[in-house]
Amino acid sequence: MKRRRTQRMNIVRVGLLLSLAICIRGVSLAQTGYVNPWAIKDVGTLPPVASLTDGVWLKGDLHVHSRHSKESSNHPISKITAFAKSVGIDYLCITDHDNHVNGDVAHNTWADPEFKSSPVLLLYGAEWTTTRGHGNTFSAKPYDHQRLYDVRDQRDATVGAVKKELGIHLSANHPSGKDHFGYSYDMIESIEVWNSAIWSKNANAIMIWDDMLSSGRKLTGRGGSDVHHGTPDTPEQATKNTPQAKANYIGTPTTWVFATARTSQAIIDALTNGRVSVSANPYAPRVEFYADLNQDGKMDMMMGDNAKAAGKLVTFRVQLSGSAADGEYTVNVVKNGGTFGTYQISGKTPFVEFTDTPAALGRTYYRVVVEGTPTAYPQVPESMALSEHMVGLSNPICFNFDPNF
Ligand SMILES: [Zn+2]
Ligand SMILES: [Zn+2]
């Protein structure tokens with residue numbers, strides 16, 4: 001009896017050791033019949049990529065405060081839009097703090113006669129300013145912002161449902177540090193990866209962006225100056241914040257979108273799908289990033305696009321556009337959050353091509369960061385030093401991202 005029990009205990013022990021060994025080798029799932037429903041699988045057929053030529057590059061600033069934000073100074077809407085026009089900016093979103101007007105943006109910023117007579121395209125939006133952080137809203141037409149303001153402290157499921165009903169684009173602002181975006185990233189379309197002329201502040205925002213992209217969240221990276229203060233008309237109107245206007249102002253940084261038309265809706269669509277790059281200022285070169293999928297020398301997709309990986313070699317092309325692109329530049333390519341390669345380019349129309357084979361199964365993304373010769377912005381002369389050598393950054397070219405994620 002005693003011996004049999006010892007035998008049985010030995011059998012149990014051996015069994016335990018065996019299953020432990022099997023678990024360590026990761027085979028225990030097969031043993032139990034468990035199948036991970038979220039395991040990487042073929043993404044299926046993806047929607048075709050939109051035209052690479054049928055559109056227009058438009059530049060703008062997506063984070064601007066006017067006099068309707070109570071802490072701003074010398075910043076009526078007419079001054080903002082006149083300046084924007086003078087430096088060639090095509091569109092703006094004036095994103096005043098909604099909490100300064102208890103959510104009633106519609107009867108403040110949007111009702112301002114200067115808003116209605118703007119010489120540049122103005123998106124409808126606001127800075128959703130909540131205890132859990134800040135986000136910008138973007139819309140081509142007026143929407144009921146009051147509802148988003150009123151729901152701000154509710155659970156994310158409730159907030160997300162209201163946001164969806166409003167049909168707006170929601171974007172996380174300065175997502176790290178004070179007033180970080182404390183909501184689920186599942187309810188947003190884009191993230192402010194470059195806030196203000198001070199480039200060095202954005203390292204954590206870039207890290208969060210890479211984490212979201214790596215987890216399958218195809219969020220667009222965008223810029224925003226977060227400017228609050230204008231140049232006073234008379235010396236007596238100067239405030240302690242007036243010097244900021246020479247260091248961080250409209251266009252530091254500038255967000256470029258490849259829009260199908262010169263309309264607010266096309267700008268928002270481009271923002272949502274990621275055909276976007278960000279440059280240090282309105283005169284700095286624009287970063288363009290393309291891929292040739294079948295080695296025929298013709299580009300098939302651009303940043304923001306998503307294609308199925310065929311397990312074949314892809315040629316990528318990075319180019320700098322604009323009259324200012326005449327210096328020495330370093331192109332840093334990021335693949336899936338890590339460094340892929342670094343290339344030196346120069347000349348009048350600097351470009352570089354490189355190749356890689358994105359994995360046939362599972363997601364891959366590539367994005368580029370360009371550093372080098374700063375471009376002068378005479379209207380905001382101190383911004384150059386704050387942006388250091390940062391020239392511009394692209395959105396990712398994606399493979400095998402699930403469009404229904
Ligand atoms: Zn903010
Ligand atoms: Zn702001």
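**Exercise 1.** Find the stretch that UniProt lists as "domain: Polymerase/histidinol phosphatase N-terminal", and describe its make-up.

*Solution.* The unreviewed UniProt entry gives residues 60–132 for this domain; UniProt positions follow the numbering used here, feature names are shortened, and annotations may be inferred rather than shown by experiment. This is a predicted model, where local features need pLDDT of at least 70, side-chain atom pairs count only at pLDDT 80 or more, and totals for chains, interfaces and linings use all residues. Residues are numbered from 1 along each chain as its sequence is written, while chains are lettered from A and ligands numbered from 1 in the order in which they are written. Next, look at residues 60–132: 19% is helix and 26% is strand (DSSP runs numbered from the N terminus: H or I of at least four residues for helices, E of at least two for strands). Finally, the end C-alpha atoms are 27 Å apart.

**Exercise 2.** Which residues are in contact with Leu92, leaving aside neighbours within four places in sequence?

*Solution.* Contact means that C-beta atoms, placed from the backbone, lie within 7 Å. Applying this gives Gly60, Asp61, Val64, Ile80, Thr81, Ala84, Val120 and Leu122.

**Exercise 3.** Is Asn336 buried, partly exposed or exposed, and what about Asn400?

*Solution.* Start with the rule: buried means 20 or more other C-beta atoms within 10 Å of the residue's own, exposed means 12 or fewer, and partly exposed is in between, with C-beta atoms placed from the backbone. Asn336 has 17 such neighbours, so Asn336 is partly exposed. Asn400 has 23, so Asn400 is buried. Now check phi: Asn336 has a positive value near 50°, and Asn400 has one of about 60°.

Conventions. Contact = placed C-beta atoms within 7 Å.
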